[in-house]
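Here are my notes on this one, point by point. Have the model open while you read.

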There are 2 protein chains.
Amino acid sequence: MTPELYPTRAGRRPRVVVVGAGFAGLQAARQLARVDCDVVLVDRRNHHLFQPLLYQVATAALSPADIAVPIRAIVRDQANVQVLLGEVTGVDVVRRVVNVGYDELRYDWLVLAAGATHTYFGNDRWAPRAPGLKTIEDAIDIRRRVLLAFEEAELEDDEEVRRAKLTFVVIGGGPTGVEMAGALREIAAETIADDFRRVDTTTARIILLEGGDRLLASMSEAAGERARRDLEAMGVEVRLETFVTDIDEARVWVGEHSVPAANVIWAAGVKASPVGEGLDVPLDGQGRVLVESDCSVPGHPHVFAVGDLAAQVDATTGESVPGVAQGAIQMGRFVGRIIRDEITAGEEGIRPSFRYIDRGDMATIGRARAVADIGGRTFHGAFAWVLWSVIHVAFLIGFRNKVLVMVNWAWQWFVQTRGARLITGSPSVHVEEPADLSRDPGY
Amino acid sequence: MTPELYPTRAGRRPRVVVVGAGFAGLQAARQLARVDCDVVLVDRRNHHLFQPLLYQVATAALSPADIAVPIRAIVRDQANVQVLLGEVTGVDVVRRVVNVGYDELRYDWLVLAAGATHTYFGNDRWAPRAPGLKTIEDAIDIRRRVLLAFEEAELEDDEEVRRAKLTFVVIGGGPTGVEMAGALREIAAETIADDFRRVDTTTARIILLEGGDRLLASMSEAAGERARRDLEAMGVEVRLETFVTDIDEARVWVGEHSVPAANVIWAAGVKASPVGEGLDVPLDGQGRVLVESDCSVPGHPHVFAVGDLAAQVDATTGESVPGVAQGAIQMGRFVGRIIRDEITAGEEGIRPSFRYIDRGDMATIGRARAVADIGGRTFHGAFAWVLWSVIHVAFLIGFRNKVLVMVNWAWQWFVQTRGARLITGSPSVHVEEPADLSRDPGY
């Protein structure tokens with residue numbers, strides 16, 4: 001045993017601290033199951049979130065608990081893992097401690113898998129108007145806003161204000177933006193079309209704005225083009241090469257032009273967790289740690305950054321590893337195995353370089369519409385959608401969740417409804433021009 | 001047509017305003033489906049809530065959307081119903097208008113079914129410490145508090161503080177209190193027993209306080225006694241004839257005695273919605289309208305109060321109609337039919353008197369334990385529990401909800417877990433005495 005490996009006390013079991021119980025962190029912890037070490041899994045939330053389906057909570061298709069599982073339940077049977085609910089506020093790589101609230105947590109190995117959040121590119125004042133979608137709370141907030149918009153439109157007498165209430169601008173044409181835009185159109189045109197008496201929800205405008213020249217930049221060109229055509233066929237207005245310059249109380253601005261829209265959803269910028277900033281190492285433009293080929297933080301071989309917190313390239317192709325679940329899972333597993341091997345061997349070995357295996361990528365667009373890139377081919381339509389459904393259900397953690405999600409989806413498929421249309425939190429409607437409720441017909 | 005019936009404009013369809021889309025309001029609206037009238041259903045929430053299962057959301061067994069259905073979806077096919085999301089702030093029985101926010105809503109018939117909320121008997125300062133359970137938000141808040149209590153206990157080094165974190169006081173021995181106490185004990189002793197590494201959650205104290213001399217006062221004496229014995233066998237401490245005199249930051253006080261408890265749940269007092277206060281008619285001690293035998297408000301034959309807002313007695317027995325779902329359903333249906341008949345006839349008829357049909361009552365206590373009073377007999381144990389499950393699932397609105405709830409319950413039955421253990425909202429733990437995270441073993 002080298003002092004480098006077991007620095008604090010002779011004979012003590014090494015401790016691996018994993019920050020973040022997302023895809024990457026869970027995988028790293030799992031690799032250490034049969035290793036003689038203590039694993040501390042720190043997360044500020046008590047649940048692991050299956051983020052690829054988060055937009056389905058935001059669009060009232062699934063319940064939060066369908067896609068979120070208590071971290072303690074996931075690692076219950078791995079006796080050497082302890083779960084710590086707390087927020088990491090800093091890392092001291094010299095003293096080898098992580099700050100969790102007021103406390104210090106000593107580590108021998110550290111895996112930083114704290115993920116990413118959305119960013120407004122310096123325009124934080126847009127945040128209240130254009131919520132992003134990263135947490136369960138974000139999803140519930142967006143669901144509330146979307147459902148309330150229709151309620152408010154129903155009460156609105158002023159035609160212009162009503163139009164604005166029925167206008168949804170989704171900013172960002174990645175998977176989240178595409179999936180949100182498709183789902184919003186489906187809600188307006190199908191799910192709730194018969195629910196309102198005064199307002200025709202099928203006239204709702206869904207506008208998808210993307211700065212680049214295509215949708216789904218992380219996928220193939222064919223997939224992006226197909227997604228655009230499918231969305232347009234559904235009635236979504238897709239605008240490429242369009243940069244939002246401002247969002248004010250009433251409108252979304254693109255240079256001189258603007259559209260009155262009460263509802264804006266931010267699916268554009270992503271920024272890594274600030275935990276990387278405290279490491280005093282170079283970060284990329286998104287705040288990600290420019291990690292070594294073994295995913296370690298430069299100069300600190302016992303500290304790894306993985307998942308959305310890491311800017312990593314594939315060792316063979318030199319291409320950036322995309323910020324998707326697969327990348328996080330693979331990186332987490334990769335560093336978990338390095339730590340496992342070195343603890344087992346009792347010394348540092350020659351470490352492998354990370355290689356990303358692209359198992360395909362997919363995005364859903366609507367009822368029986370999806371696009372998928374698999375093995376160099378692009379699929380679309382109902383086949384891609386079934387594939388998307390099967391794969392997403394298969395990767396959900398927990399048998400119960402798989403069953404519930406399938407029941408929900410089957411029900412939606414047959415009845416064309418969405419079961420979780422709850423407005424919770426602040427339930428009040430805000431009507432700028434009160435409707436004349438006493439006139440006939442109407443209220 | 002009498003001017004009394006169609007007062008505002010000749011030839012206009014009569015308008016029935018129903019305030020509240022709970023059990024009573026929905027039933028009233030439903031009776032008017034084939035009647036030539038406009039029904040406006042006003043609720044401040046967009047969803048109907050199946051309140052008998054609300055404690056299951058508070059105890060992480062079900063998701064909010066499992067027991068809540070959008071009102072618009074429920075009445076979608078009843079073309080003469082319009083749903084209005086808004087808060088009723090007053091009723092003017094002279095001008096026959098209901099105030100909804102800034103607006104006035106004219107009515108020809110009015111059904112007040114605004115329900116009840118919890119009351120602290122003048123001790124509103126207890127509210128932040130002892131949340132009640134009436135809305136989805138209440139349930140999510142209690143779920144968050146309960147789950148966080150175990151997390152905080154896990155981090156706590158001070159033995160006394162940890163005991164307090166693991167002490168749950170449920171105040172009120174009615175169905176909600178009994179069901180909460182049983183479920184909390186089950187969570188601590190079974191659901192999460194293997195989830196924590198430092199704290200032994202099976203040592204958690206669940207204390208159920210009831211002012212009267214028995215539990216489940218609305219049910220038979222045998223049921224109340226059985227519930228007490230079953231709860232005690234599970235490890236719940238039941239204290240009868242015990243009135244809480246104060247709740248401070250750390251303790252629950254009963255006269256000179258007190259118990260340190262971080263978690264308090266209020267299941268004691270119920271008070272009718274304040275909408276009755278504006279009517280200028282006599283109310284009972286709980287703020288309920290002392291209605292006529294036809295459920296109308298004294299002096300206003302076109303205004304009805306039903307459900308938890310009404311103090312009604314059975315016309316035959318003279319006994320009070322209990323504040324349960326059955327009573328609300330029966331009253332709502334009763335007044336809906338009166339209105340239906342009078343609109344159809346074009347004139348007021350001789351109205352029947354309300355008779356309450358007691359179809360039985362039941363409360364669940366734990367896994368395969370319940371008590372049920374049916375047809376003068378009391379059942380308990382697994383049989384009562386199956387009965388309870390079947391009846392509660394049968395009365396859930398929406399086929400999807402029935403399936404989801406059954407899947408959840410089946411899953412819980414086999415795996416002894418609870419699927420909705422999510423801490424949402426403010427996720428931070430509050431630890432009074434920070435744990436020494438750097439010591440071994442532990443964190």
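1. Starting with the interface: 53 residues of chain B are in contact with 53 residues of chain A, where contact means that C-beta atoms, placed from the backbone, lie within 7 Å. On the chain B side, the elements giving two or more residues are strand S4 (68–70), helix H3 (71–74), strand S5 (81–85), strand S8 (103–106), helix H4 (136–155) and helix H10 (399–415). H10(B) supplies the largest share of that side, 5 residues. Sorted by class, the chain B side has 26 nonpolar, 10 polar and 17 charged residues; Ala, Val, Leu, Ile, Met, Phe, Trp, Tyr, Cys and Pro count as nonpolar, Asp, Glu, Lys and Arg as charged, and the others, Gly among them, as polar.

2. Some housekeeping: this is a predicted model, with local features needing pLDDT of at least 70 and side-chain atom pairs pLDDT 80 or more, while totals for chains, interfaces and linings use all residues. Residues are numbered from 1 along each chain as its sequence is written, and chains are lettered from A and ligands numbered from 1 in the order in which they are written. Helices (H or I, at least four residues) and strands (E, at least two) are DSSP runs, numbered from the N terminus.

3. How do the copies relate? Chain B superposes on chain A by a rotation of 180 degrees with 0.0 Å of shift along the axis, RMSD 0.0 Å (least squares on C-alpha atoms of residues with pLDDT of at least 70 in both). That is the relation of a two-fold axis. The copies meet through the same surface, since 100% of the interface residues of chain B are also interface residues in chain A.

4. Do look at the H10 pair. The axes of helix H10 (residues 399–415) of chain A and H10(B) come within 10 Å and cross at roughly 170 degrees (axes are lines fitted to C-alpha atoms, for helices over the stretch in contact, with angles from 0 to 180 degrees between N-to-C directions). H10(A) and H10(B) are therefore roughly antiparallel, a label for angles over 145 degrees. Arg400, Val403, Leu404, Val407 and Trp411 of both chain A and chain B make the contact.

5. Within chain A, 6 strands form an open mixed sheet in the order S5-S2-S1-S9-S21-S20; strands pair if DSSP finds at least two bridges between them. S5 (81–85) and S20 (296–297) of chain A stand at the edges with a single partner strand each, so one side of each has no neighbour in the sheet. Strand S2 (residues 38–43) of chain A runs parallel to S5(A), joined by 5 bridges, and Asp43(A) stands opposite Leu85(A). Helix H1 (residues 23–31) of chain A lies across S1 (15–19), S2, S5 and S9 (109–112) of chain A, at about 160 degrees to S1(A).

6. Two hairpins follow one another. S14(A) and S15(A) form one with 3 residues between them, and Ile247(A) has Val252(A) as its bridge partner. S15(A) and S16(A) form another with 2 residues between them, where Gly255(A) in the turn has a positive phi of about 60 degrees. Antiparallel S15(A) and S16(A) are joined by 4 bridges, with Val254(A) partnering His257(A).

7. Overall, chain A has 10 helices and 25 strands.

Note on methods. Two residues are in contact if their C-beta atoms, placed from the backbone, lie within 7 Å. Angles under 35 degrees count as roughly parallel, over 145 as roughly antiparallel, 65 to 115 as roughly perpendicular and the rest as oblique.
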